[in-house]
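Please look over the structure below with the two-part arrangement of the chain in mind. My comments concern how the parts meet.

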Amino acid sequence: MEKIFALAPMMSITDRHFRVFMRHIFPRLQLYTEMISTGSIIHGSRHDLLDFDPVEHPVGIQFGGCNPNELAFCARLAQERGYDEINLNIGCPSDRVQNARFGACLMAEPDLVASCVEEIKRISGLPITIKTRIGIDKYDDYEFLADFITKTSNAGCNRFFIHARKAWLKGLSPRQNRSIPPLEYDKVYKVKEDFPHLQIIANGGIHSLSAVESHLGKLDGVMIGREANRNPWFMKELSNHYFANPDESPETGREAIVRSYMQYIEEQLRQGVALKTMARHLMGIYHGQKGARHWRRMLCGDGPVSDAGLEIVESALRQVTRVQNFQHS
Ligand SMILES: Cc1cc2nc3c(=O)[nH]c(=O)nc-3n(C[C@H](O)[C@H](O)[C@H](O)COP(=O)(O)O)c2cc1C
């Protein structure tokens, strides 16, 4: 079976523009929205929250919530909008999310999560997947994780994205909870050994081809978050390595990626979207390359003014090319 490569949902990063950018980079990448709470859909502006671009397919929508009926209602809306998958957030440890009784704290309520899965499946018919941690607080033994997987998979979830860290619900911020608890990939591997019929995908701290290679030897896929933002070219390298595209010139480089995304920017500018909301996603594309600093400074150094157009990106590209040619001459 083909391995799964997924973009991790990240609030304030994996918006529609970032996802389109990733689609240009990695045609087979499974995309996910940022977490959207059921409350914000039910009480807020549905149109903006559920919006996505057709090029994003396959794209999953990630929900935060704990009420089976509300989740099912939102899942039905997502299905009508054309999303390909519903993903449930069982990993976010923020206070706000805990106060609303969803995210990582739901690992302690597997029966409730199972009811949510059943209801979403019953009402929407879309595949439902779960993104979770390996444990929370003192509940960090393998049996706790295995019990969660057993109950929620019996309810109809066949694909799990497992962030290989536990979360501390008190005392650590969400940011600290993404680096301080140690990564324990062995627990994720054991889930796959014990539940071979499920698709198990590793998440957390994956930023090299060799790491990807080693996870894929034991699991069904990898989900990558921060590295896709810090160094988007890494995703291109993965795409080239695992899904070489015979129609694409081997010279397709960073500039070609930027230019293809510029066509999207151009369309969006015409619809009144501000350049900076889209150009910010290009910041890391020259990561580690000569001229990267110039690129970032020109692109977003002083923040492009709101009526700025694509000429800013054009001149940043010229500057990078100049620096790179100078270094090579
Ligand atoms: C800025 C930021 C926002 C995040 N927002 C979400 C989110 O909305 N939903 C979610 O499931 N995880 C969220 N995460 C966690 C990531 O999906 C991922 O699990 C985590 O960053 C570990 O993967 P990585 O080491 O590849 O980044 C967020 C992470 C970051 C850095």
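1. The model is a predicted one, and the chain in it is divided into domain 1, covering 4–242, and domain 2, covering 254–328. Between the C-alpha centres of domain 1 and domain 2 the distance is 30 Å, and the contact draws on 17 residues from domain 1 and 15 residues from domain 2.

2. The size of an interface is often expressed as the accessible area that is lost when the parts come together. Here domain 1 and domain 2 bury about 1,500 Å² between them, with 60% of that area on carbon and sulfur atoms. On the side of domain 1, the residues that lose the most area to domain 2 are H17, F21 and W233, which together account for 42% of what that side buries.

3. As for charged pairs, the count between domain 1 and domain 2 is 1 salt bridge. R280 forms a salt bridge with D15, and their closest N and O atoms are 3.2 Å apart.

4. Turning to secondary structure, the elements giving two or more residues to the side of domain 1 that touches domain 2 are α1 (16–25), α10 (226–230) and α11 (233–242). The largest share of that side, 7 residues, comes from α1. Sorted by class, the side of domain 1 that touches domain 2 holds 7 nonpolar, 5 polar and 5 charged residues.

How values were computed
Residues numbered from 1 in each chain as written. Predicted model: local features only at pLDDT ≥ 70, side-chain atom pairs only at ≥ 80, totals over all residues. Heavy atoms only, no water. Domains from an automatic or database assignment. Contact = heavy atoms within 4.5 Å. Buried area = accessible area lost by both parts, 1.4 Å probe. Salt bridge = Lys/Arg side-chain N within 4 Å of Asp/Glu carboxyl O. Helix = DSSP H or I, 4+ residues; strand = E, 2+ residues; numbered from the N terminus. Nonpolar A, V, L, I, M, F, W, Y, C, P; charged D, E, K, R; others polar.
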